[in-house]
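Me: I have a structure open and want to learn how to read it. Can you take me through it feature by feature?

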Amino acid sequence: MRWKLLLIASLLATIAGAGLTLLIIFALNGPGKSPGINGLYLLCTLLFPIAAITYASIFVYRHTARRRSLQAILAALISIFLTLTVLLAASMLFGKAAPSILPPTTPRNIS
């Protein structure tokens with residue numbers, strides 16, 4: 001197996017797919033705002049990573065001699081895992097913080 005090819009193609013697919021998704025979301029909304037449910041965001045969130053992963057898998061399939069389908073599937077799985085990890089980490093780092101819930105204060109009688 002060509003592990004270098006698998007890892008490099010997977011990393012490039014992750015950078016391209018997740019990077020374009022995050023770039024578009026931050027460019028249109030800004031890092032502090034929540035994007036909301038909109039067709040454009042959902043399309044970008046799905047389209048760019050799927051296209052990058054598909055391209056990486058086809059690239060690995062065409063540039064290996066044996067066990068082509070196994071290596072293409074491995075490249076796709078590694079890319080999917082890394083893309084989900086990057087998107088989850090970005091949402092945790094740049095997302096809104098949860099509002100802190102303070103305990104209710106009891107009124108004091110001043111007399």
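Me: Start with one residue. Is Thr83 buried or exposed?
Reply: Burial is read from relative accessibility, and the cut-off for buried is under 20%. Thr83 has 4% relative accessibility, so it counts as buried. Keep in mind that this is a predicted model. Every value here is computed from it.

Me: Where does Thr83 sit, and which residues is it in contact with?
Reply: Find the element, then look for partners beyond the sequence neighbours. Thr83 is in helix H3. Leaving aside neighbours within four places in sequence, Thr83 is in contact with Thr14, Ala18, Pro49 and Ile53.

Me: Let me step back. How many helices and strands does the protein have?
Reply: There are three helices and zero strands. Read along the sequence, the pattern is α-α-α. H1 covers 3–29 and H2 covers 39–62. H3 takes in residues 68–94.

Me: What is the mean pLDDT, and which element has the lowest?
Reply: Read pLDDT as the predictor's confidence in each residue. The mean for the protein is 83, and 83% of its residues reach 70 or more. Among the elements, H2 has the lowest mean, 86. H3 has the highest, 91.

Me: What share of the protein is buried?
Reply: Buried residues make up 26% of the 111 residues.

Me: What share of the contacts join residues at least 24 apart?
Reply: Take the contacts between residues at least 6 apart in sequence. Of these, 71% join residues at least 24 apart.

Me: Give me a case from H1. Is Gly17 buried or exposed?
Reply: Gly17 lies in helix H1. Its relative accessibility is 0%, so Gly17 counts as buried. Not counting residues up to four places away in sequence, Gly17 touches Phe48, Pro49 and Ala52. Gly17 and Leu46 are 29 residues apart in sequence and 9.0 Å apart in space, C-alpha to C-alpha.

Me: Which residues form the largest nonpolar core?
Reply: A core is read as buried nonpolar residues joined through their side chains. The largest one has eight residues: Leu5, Leu6, Ala9, Ala13, Ala52, Ala56, Val60 and Ala75. H1 and H2 each supply at least two residues of this core. H1 gives the most, with four residues.

Me: Now pockets. Which residues line the second largest pocket?
Reply: The lining is Leu5, Ile8, Ala9, Leu12, Ala13, Ala16, Ala52, Tyr55, Ala56 and Phe59. Helices H1 and H2 are the elements that give two or more residues to it. H1 gives the most, with six residues. The volume is about 150 Å³.

Me: How many of those lining residues are nonpolar, polar or charged?
Reply: The lining of the second largest pocket divides into ten nonpolar, no polar and no charged residues.

Me: What about Thr85: buried, partly exposed or exposed?
Reply: Thr85 lies in helix H3. At 38% relative accessibility, Thr85 counts as partly exposed. Thr85 and Ala18 are 67 residues apart in sequence and 9.5 Å apart in space, C-alpha to C-alpha.

Me: Last, the backbone. What is the phi of Arg67?
Reply: Most residues other than glycine have a negative phi. Arg67 is not a glycine, yet its phi is positive, about 50°. Arg67 is found in the loop between H2 and H3. Arg67 is exposed, with a relative accessible area of 51%.

Note on methods:
Residues numbered from 1 in each chain as written. Predicted model: local features only at pLDDT ≥ 70, side-chain atom pairs only at ≥ 80, totals over all residues. Heavy atoms only, no water. 1 Å grid on protein atoms, 1.4 Å probe; cavity = no way out; pocket = protein on both sides within 12 Å on 5 of 7 lines; lining within 4 Å. Points joined across faces, edges and corners; volume = space filled by probe spheres on them. Nonpolar A, V, L, I, M, F, W, Y, C, P; charged D, E, K, R; others polar. Core = buried A, V, L, I, M, F, W, Y, C linked by side-chain atoms within 4.5 Å. Buried < 20%, exposed > 50% of the residue type's maximum accessible area, 1.4 Å probe, protein only. pLDDT = per-residue confidence, 0-100. Contact = heavy atoms within 4.5 Å.
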